[in-house]
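Please prepare a short briefing on the structure shown below.

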Amino acid sequence: MTQNSAVCAGPARGDTVTVIGAGPAGLACAIVLARAGKRVIVHERRRRVGARFHGDFQGLESWSDDIDVLDELASEGIRPSFEHHAISQVTAFDGWGARHAIRSNQPLYYLVRRGSETGTLDHALLEQAKACGVEVRLSSPVKNTHGSTVEAKGPMLANVMAVGYLFETAMPDGQWACFSDHLAPGGYTYLLVQGGQGTVATCLFREFTRNNECLTRTIAFFTEQAGLDMRKARPFGGVGNYGPPCRGEHEGHLLVGEQAGFQDALAGFGMRYALRSGVLAAHSLLEGRDYDSLWQRSLLPAIRQGIGNRLLYTKAGDRGRRAMFRRMARRDARPMLAKLYHPSLLGRILYPFARRQARIPQHDPDCCDNACTCLRCLCQRHVSSGTLAVR
């Protein structure tokens, strides 16, 4: 980890700050800068914001810090104008299909939608940015910039894959998750239903060639265990990355979100880290503070702990995870989950081993073509994030 980055000098009030990428990290950065009176131009290479997503439900987690995530955003002038639902109860299934009711007196996470539609997190942040005077240029790829620049291009290397369906349903609202290597090698599956809309998916951390098989098993599992009822189902898929972040600055540009590796390695919850990193980059530019120092203090401890948690999750297996769910179901789950992300002696011991494991790219053993760029094999090559057809 480099500690000797030069302190970023805050731009003069008339200077323009360039933000590359209109995801949550880039737009959060732009909003904070614009509210402070800076001129900001956001370049997005796609034709619309949120193009990686399709209106699917995701979780904006609120358990890893003492402050509620919406309060954290509000303190920076970012309003929760997107559709959101506080979730304080989830039904978790272990590897044997046993149910565990995970509850809390406070929200564990907020259910939000991602994509380009009105009401999604992405669209709401775009509207807030525009209202603050941010100039957003769509279909505007950028290679060279001058002056203060923030890069928020999303994941550059994929080692997590999610495939699933969006659907309409007559099911009652509910949140279900299953932690089984049989359904999702190294990962988990989930079923999220709210207001007659649903998302079901399997999130794999290895064995990507089995994604269709795992998704089929996931559908059958939730049909039996939760009464899954899908109507007008639409497939979706995508990739992400996690790993030890090493720097937040490259060639004078500040890196935020997944491009910098700010991701929870345990469960892949990265939206809170993305939003926070965008805010930190803005403060670095506004106040002339060292960006690396800011994110290393605010984000790095939890990220390192998450990498250690991923190693524990893998080694614990189904038996260890069942024991954890049983403990969690007997008390308020939020403090227990928060403890997982607080720096600990065990985390410091595990981190060097977990870090090496997290650096290993995922391979498809069926691929023998060194030039292959498919999402399934990855082949140690950088891949652009995007959609994945479910066959």
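The model is predicted. Its chain holds nine helices and 16 strands, and 58% of its 391 residues count as buried.

**The chain as a whole**
- Among contacts in the chain with a separation of 6 or more, 74% are between residues 24 or more positions apart.
- The chain exposes about 16900 Å², and carbon and sulfur atoms supply 50% of that area.

**Strand β7 and its two faces**
- Strand β7 covers residues 109–113 and is mostly covered, with five of its five residues buried.
- In a regular strand, side chains alternate between the two faces of the sheet.
- On one side of β7 are Tyr109, Leu111 and Arg113, and on the other are Tyr110 and Val112.
- Both faces of β7 are covered, since these residues are all buried, each having under 20% relative accessible area.

**Partners of strand β7**
- Strand β3, which spans residues 57–61, is joined to β7 by five bridges, and the two run antiparallel.
- Within this pairing of β3 and β7, Phe57 stands opposite Arg113; Arg113 is one of the buried residues of β7.
- Strand β4, made up of residues 85–87, also pairs with β7 in the antiparallel sense, over three bridges.
- Ala86 stands opposite Tyr110 in β7, and Tyr110 is likewise buried, on the side of β7 that also holds Val112.

Technical notes: Residues numbered from 1 in each chain as written. Predicted model: local features only at pLDDT ≥ 70, side-chain atom pairs only at ≥ 80, totals over all residues. Heavy atoms only, no water. Helix = DSSP H or I, 4+ residues; strand = E, 2+ residues; numbered from the N terminus. Buried < 20%, exposed > 50% of the residue type's maximum accessible area, 1.4 Å probe, protein only. Contact = heavy atoms within 4.5 Å. Areas by Shrake-Rupley, 256 points an atom, 1.4 Å probe, with all protein chains shown as cover. Pairing = 2+ DSSP bridges.
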